[in-house]
Amino acid sequence: MDTAYLIETIIKVVVVLLIFSALAGIGTYFERKVLAFMQRRLGPMNVGPYGLLQVAADGIKLFTKEDIIPTNVVARIFKIAPVITAATAFMAAAAIPFLPQFTLFGYTVHPIVADINIGILYILGIMGVGLYGPLLGGMASANKFSLLSAARGAAVFISYEVITGLSILAPIMMVGSLSLIDFNEYQAGGIGDWIIWSQPVAFILFWIAAFAETGRTPFHLIANDHEIIDGFGTEYSGMRWGLFFIGEYANMFFISFVIPLLFLGGYGDGSLLGALGLLAKMAFFFFFFLWTRAAWPDVRPDQLMWLCWKVLMPIAVINVVITGLVMMF
Amino acid sequence: MNNEQFNNRNVSENAYYLVDIEDYPTDGWGKFKRVLKRTFRGELFVGLWVVLREMIKFDIHTIQYPQEKMPIGPRYRAVHEMKRLWESGTERCIGCGLCEKICISDCIRMDTKIDENSRKEVSEYSINLGRCIFCGYCAEVCPELAITHGGRYENGSEQREHFVMYEDMLTPIDQLKAGNQLEFDGFGAITPHEDERVKKTPLAY
């Protein structure tokens, strides 16, 4: 491993970390604004022009708040849990190509931290590890609502890992690779080549499961405000809670990148238009997360499990079988 | 939709109707059909469209409070105002003590004395707004329309004592001279055209 590669990778890691930490903050601003507009409100307006500096104010608040470790919590696990959430969210970003490769000052940049040939498996695995943040945080909190949230988190994440895995199996069979770059090359021919046309069922299943994986509104049971307060985050304060938050929003951004890369042609042929297209698709999927939050009610936990095991999983299995049969004959 | 529709409480005459709820399915096939029906009826997209429509219409109902305020009705009962006489500019309060007597939360306190012209003068007057329930009895009972309720509803201070300042409630003398004292038409005020409605007291029994 030569030094240039090492330096390049470190720079990429830092850039991804910085951009997506900042985006997580701006994401909260967008969420508040979009939700407000959809509910005929104005949202944050007072800090800075149109409330733009609200993000900075929130950041200052989170950083300067006292870091409270309540009595009776398992302090070590309690402290490490938010770090797991944030860290796994960013680790998953390592295998995502955010843009097509471009040339900067005569140097070809691949905007992917590591083009490993098991990319999508790695992303799903690391997002699965992200379960330990809510689980450990909730169990260590000495709070019954946190404990409930941890149990729900474990159930939801593990159940919907099955859906993501099975739904994505069919496209993987077609592409014959787990690398997201190979996925992109497979669909590089234009809109007609997008996997969504051949795998619409897998697309919808993966999209539904993405809501469960990120814990967003129709499946927002892990930290459901109106019944279990803030769930695993109840006992947290200051930046530890902020890490949970950053993890959640970073996850939303990354899954919004993964869905278009898998099903909607990614950055296409790698031109500037393709790159902008990927960003636009990502923006749409991120917007959709906010949109559903304004429009849809939450489901009950038992309905969520029912949906997973009795509806989505059989459909995913049938989809895999049919794809296999079509590919065989 | 106007208010009359709501004022008519006779339910049977209105357009009220029972929502048609179909029976819940009991067998598995019925449940399955219901799931299919609900899945493909697209109600989720109706919800999405409704919120998106509101976002595009951008019909914002927020009032940015410290900069913008809702108009409040003239009969609103907020912080009291003490009026002055138009002609002389002296306080209208004659120190009769009726408001102190009628105050059901015991928050009005006044001291009076005889001044050098042998007139009754109010030397101390305070309303403890921390206790006041803004019932309006004081304004209703006042024979001189001296104490009324105003529209100032923003109380904020570091000390409770600041809420009882008589000087804050009294119309400033320069405002009076500028003709800015609002004659009260709110709670306890004389209703318009009162003269025409007054009947002679029947004396002959």
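Modeller: One definition to start. A residue is buried if 20 or more other C-beta atoms lie within 10 Å of its own, exposed if 12 or fewer, and partly exposed in between. Also, keep in mind that this is a predicted model.

Biologist: Fine. What share of chain B is buried, then?

Modeller: Buried residues are 12% of the 205 in chain B.

Biologist: And what share of chain A?

Modeller: In chain A the figure is 44% of 329 residues.

Biologist: What is chain A built from?

Modeller: Chain A has 13 helices and two strands. Its C-alpha atoms fill a box of roughly 60 × 55 × 45 Å along the principal axes.

Biologist: Why would you call that a globule?

Modeller: Look at the radius of gyration. A compact globule of 329 residues would have one near 20 Å, and chain A has 20 Å, so the two agree. Sequence distance is another angle. Take the contacts in chain A between residues at least 6 apart in sequence: 78% of them join residues at least 24 apart.

Biologist: Which elements does chain B have?

Modeller: Eight helices and four strands. From the N terminus, the order is α-α-α-β-α-β-β-α-β-α-α-α.

Biologist: Back to chain A. How many residues are in helix H1?

Modeller: H1(A) has 36 residues, numbered 3-38. From first C-alpha to last it reaches 51 Å, close to the 52 Å expected at 1.5 Å a residue.

Biologist: Which of the residues in H1(A) are buried?

Modeller: Val16(A), Phe20(A), Ala24(A), Gly27(A), Lys33(A), Val34(A), Phe37(A) and Met38(A).

Biologist: What do they pack against?

Modeller: In chain A, the buried residues of H1(A) pack against helices H3 (75-92), H11 (238-263) and H12 (272-295). They also pack against helix H3 (43-57) of chain B.

Biologist: What follows H1(A)?

Modeller: Arg40(A), with a positive phi near 55 degrees. Arg40(A) is not a glycine. It lies in the loop between H1 and helix H2 (54-64) of chain A. With 15 C-beta neighbours inside 10 Å, Arg40(A) is partly exposed.

Biologist: Now chain B. Where is Phe134(B)?

Modeller: In the loop between strand E3 (120-127) and helix H5 (137-141) of chain B. Phe134(B) has a positive phi near 55 degrees, and it is a residue other than glycine. It has 17 other C-beta atoms within 10 Å, so it is partly exposed.

Biologist: At what angle do H12(A) and H3(B) pack?

Modeller: About 100 degrees, with the axes 9 Å apart. That makes H12(A) roughly perpendicular to H3(B).

Biologist: Which residues make that contact?

Modeller: H12(A) brings Trp291(A), Ala294(A) and Ala295(A). H3(B) brings Gly47(B), Leu48(B), Val51(B) and Leu52(B). By class, six are nonpolar, one is polar and none is charged.

Biologist: New topic: H9(A). How many of its residues are buried?

Modeller: 11 of the 15 residues of H9(A), so the helix is largely enclosed by the rest of the structure. Among them are Ala202(A), Phe203(A) and Leu205(A).

Biologist: What surrounds them?

Modeller: The buried residues of H9(A) pack against H4 (119-129), H6 (144-175), H8 (195-198), H11 and H13 (301-328) of chain A. Just after H9(A), Gly215(A) takes a positive phi of about 65 degrees.

Biologist: Last one. Is Asp174(B) buried or exposed?

Modeller: Asp174(B) is exposed, with 8 other C-beta atoms within 10 Å. It sits in helix H7 (173-177) of chain B.

Note on methods
Residues are numbered from 1 along each chain as its sequence is written. Chains are lettered from A and ligands numbered from 1 in the order in which they are written. This is a predicted model: local features need pLDDT of at least 70, side-chain atom pairs count only at pLDDT 80 or more; totals for chains, interfaces and linings use all residues. The radius of gyration is taken over C-alpha atoms; the globule rule is 2.2 Å times the number of residues to the power 0.38. Two residues are in contact if their C-beta atoms, placed from the backbone, lie within 7 Å. The expected span of a helix is 1.5 Å times one less than its number of residues. Axes are lines fitted to C-alpha atoms, for helices over the stretch in contact, and angles run from 0 to 180 degrees between N-to-C directions. Angles under 35 degrees count as roughly parallel, over 145 as roughly antiparallel, 65 to 115 as roughly perpendicular and the rest as oblique. Ala, Val, Leu, Ile, Met, Phe, Trp, Tyr, Cys and Pro count as nonpolar, Asp, Glu, Lys and Arg as charged, and the others, Gly among them, as polar.
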